[in-house]
Amino acid sequence: MSLFLASLGFGLVTAAVLAIAAVGFTMQFAVTDVLNLAYGAVMIGSAFVAYWLNQAGVNVWLGLLVAAAAGAVASVLLNRGIYAPFQRRGSAPITLVIVSLGMTLIIEFGLQAIVGGTSVSYTMSQGPTVKAGGLVLTTVQLVIIGLSVVVMAAVHGLLRYTKLGKAMRATAANRSLARNCGIRTDRVVTVTWALTGALCGVAGTVLAINDGSFGATSADLFLVVILAAVFLGGPGQAYGAMAGALIIGLATEISAAYINPSYKYVVAFGVLLIVMAVRPGGVLGATA
Amino acid sequence: MTSAQLFYVINLLVYAGVDIIACLGLNQQFGVAGVTNFGFVIFQAAGAYTAAVLSLPSSAANGGFQAYLGGWNLPFPVPWIGAMIVGGLIAVPFTFLVGRRLRGDFAAVGLLVTAVMANLLVTNYRPALNGAAGLSLVPAPLQGEYNPQSAGYQWLYAAVTLVLAAAVYWLVRRVTESPYGRSLRAMRDNDVVADSLGKNLLSLRTAMLVLGGALAGLSGAILVGFITLWAPSAWGYAETIVLFAAVIIGGAGNHRGAVLGAILVPVAFEEATRYIPSIPGKPGLVDDLQWVAIGLLIVLFLWFRPQGVLPERRRRTAVGRPRSVMPNEDVVTLAGTGPEPGRSVAVRSVPAPALPDGGPLLRTVDLTRDFGGVHAVAGVSIEVRRGTLTGLIGPNGAGKSTLLAMLAGTIPATSGQVIYAGTDVTSMPAYRRARLGLVRTFQLASEFKRLTVMENLLSAVPRHRGDTLAGALRGRRYWRGDEEAAIDRAQALLDRFGLSGYADTYAGDLSGGQRRLTEIMRALMAEPAMLLLDEPMAGVHPRLARQIGAQLLGLCAEGITILMVEHELAIMDEFCDPVIVMAEGSVLATGTMAALRARSEVVEAYLVG
């Protein structure tokens, strides 16, 4: 039982990290129409920004904010410099996916050329251990869960109650119709890149904190988990991605307690393929 | 040359042969058929592992230091054949990803994820294929009879590899340059339209996954027989990206381009950079920069030269006589010399199945389509009588196009029935309805852009002997008769619609009106008993529109039944009888235009609509 509770705790933390990443990814896809596989590379790049600050003596939680900004800037530039020109030219969606894979190589291995192939860690304290209802978590893990809840609430508030959120949903549903209704879709798209890029930066940093150590290509496997959560919830569905993240996060960590931990991502992979085969539109959530 | 240099040359030749085979397989999938297989390396790995465990002696007999399944010690060429079979067979489970339902880019992501996960599984599960350490001491083919270290053996190995690469080139060319290959390219350019013209997308894509998988498996077998070891580090998902880079740079869709790409990227580029000395204190820097360069090459080529170094060739038909007409000439001038309504017919149609009661050719019962709670079409029951040119009008959003799409099977009905020629076709996929003679056109331009006008027309021909994989493999002699007959029909149609000067023009280069004509001609090539036309005259000059209308009446006189969505009331007045009026998802009225104009609610729907 304690094994189950321990893995449940890990599952909640993984789900928290995953939720931030998956919501960012799915909103990015919904509004911008780019299936950006370089998302994981931007995550790790942002995590390294926090690492460099951390090395210079800056607290990692402060570094997290800078990483968010770095993720936002990188994503906007990625769109402005690469994706948007291809889209303007009318390139097929699959061409953009191939371009994003090319960008993944450029960012990840460019980063690795700078930082080298070894893994690094933040200098930080895990804080005292907290026990609650049989769950045992470190303070840092609790902060990650809390941060994720705050981010989810903020996304909910954005989509439901703000003009920008409405404009984002309208753009996601039908870009040309939204433009004809007077929504400045170009600006909405750019803001979306910035916002989801910030989520991407936050996700990269909390992933690095949670994993303990990370290298330039650490996000490759995590991207698979993000995709599983996104597709489980239905591509482009923000609430679906939240639910998908919770399910995948718990499923991977709890299964890791009972089978070889090396295979924990295989669970995510199995879920992804089954969803693609059976319900290509996603299983959960029908609203954006 | 010293023996070390000789060995190096042989090494390069074998690698070149292996990469050429792999790139040709990938090009057949991606460049020709538009199947973006980001998991291509899985199939190569499967072939390599299969060849290894088929040729290795049993694990215990091999010293027991590595664990693996199999170990049957089978003689050459069984391991290579086995590798091809396994490479082809493991493609079968993936076919669920590439069917009609999943977007192409989603399927690609699914395959990429599969590649990452397959590598993870093999790395961590030692008993099957020795885990991360991989398999070593794989016997070279015929090593009992010959000495694999001898120069003669090595040269022979390189020669056999290159001969096999040449054979693969011959094979993929034979498939691609056939009517079957034309169907593959049509599917690549627009899969929904290919579906509506009777192409079974699932079967085409499955065949391509299996063929490409078998070729990938062969390339893996040749490689593992030469280097005698195989491990998960050799087939990371990024290796697939290198092959994609090769195909894109060489020229996707052109097999010569794939060969060139294989020589340029995996062989020349990776070999050239191998000689860059590693920088002290920066281990792996050169490797990292190599990956960066691959990424840059992909992005830059897709931007500056998406067609690659050797672009796909334009296929000219012998009959297509080039004339001095500018391809971009406006359709209006074309119309002046254009359709000649009086000409004899080049249209063949499926003899409409005889019905005992002579009832309607097509009817629907309470046909409904919901989009997230909105009734786009709500309980529509209509009848289309044989030989009529029935019009379908209604304001924007009335559900006309949705109804047409349900009739053709492009989108499924939420409830209700479609009965065509006495058969309930409600749950029949679009391609099978097309094969029964129920053929549609599309509201938006739907030409196959990178096929010529002639190829667009030929692509729709049903029951072509060369339009199956087996038929394509039997060669031109087997299907030439059908092809010539089809070209004659297409030529007659081109003459009839005044487009014979454009036979060899890419459909993507035509003007709007010419595209509409091409689409109608293509639908006619499918030998329809019933045509479903979605605004065939939209964006066409009024004079040409009226000529198209006259052509359609002519077709009806020849026995083809037509249901046509149209906005232009004048067109309806002149050509359509009866006319069905839709508004807000329901049928408002049916009758002649004269009768409809007398009814106030119809006029109101149109004016207020």
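Q: Why are α1(B) and α9(B) called roughly antiparallel to each other?
A: This is a predicted model, and in it the axes of helix α1 (residues 3-32) and helix α9 (residues 201-227) of chain B cross at roughly 170°. Angles over 145 degrees count as roughly antiparallel, so α1(B) and α9(B) get that label.

Q: Which residues make the contact between these two helices?
A: The axes come within 8 Å. On the α1(B) side the residues include B:Val14, B:Ile21 and B:Leu26, and on the α9(B) side B:Leu209, B:Leu215 and B:Phe226 are among them.

Q: What makes up the contact of α1(B) with α9(B), going by residue class?
A: There are 15 nonpolar residues, 6 polar and no charged.

Q: How many residues does each chain bring to the contact of chain A and chain B?
A: Chain A brings 33 residues and chain B brings 33 residues. On the chain A side, α4(A) gives the most, with 15 residues. By class, that side of chain A has 25 nonpolar, 7 polar and 1 charged residues.

Q: What are the domains of chain B?
A: Domain 1 covers 3-236, domain 2 covers 348-447 + 510-608, and domain 3 covers 451-506. The C-alpha centres of domain 1 and domain 2 of chain B lie 47 Å apart. Their contact takes 9 residues from domain 1 of chain B and 11 residues from domain 2 of chain B.

Key:
Residues numbered from 1 in each chain as written. Chains lettered and ligands numbered in written order. Predicted model: local features only at pLDDT ≥ 70, side-chain atom pairs only at ≥ 80, totals over all residues. Domains from an automatic or database assignment. Contact = placed C-beta atoms within 7 Å. Helix = DSSP H or I, 4+ residues; strand = E, 2+ residues; numbered from the N terminus. Nonpolar A, V, L, I, M, F, W, Y, C, P; charged D, E, K, R; others polar. Axes fitted to C-alpha atoms, helices over the stretch in contact; angles between N-to-C directions. Parallel < 35°, antiparallel > 145°, perpendicular 65-115°, else oblique.
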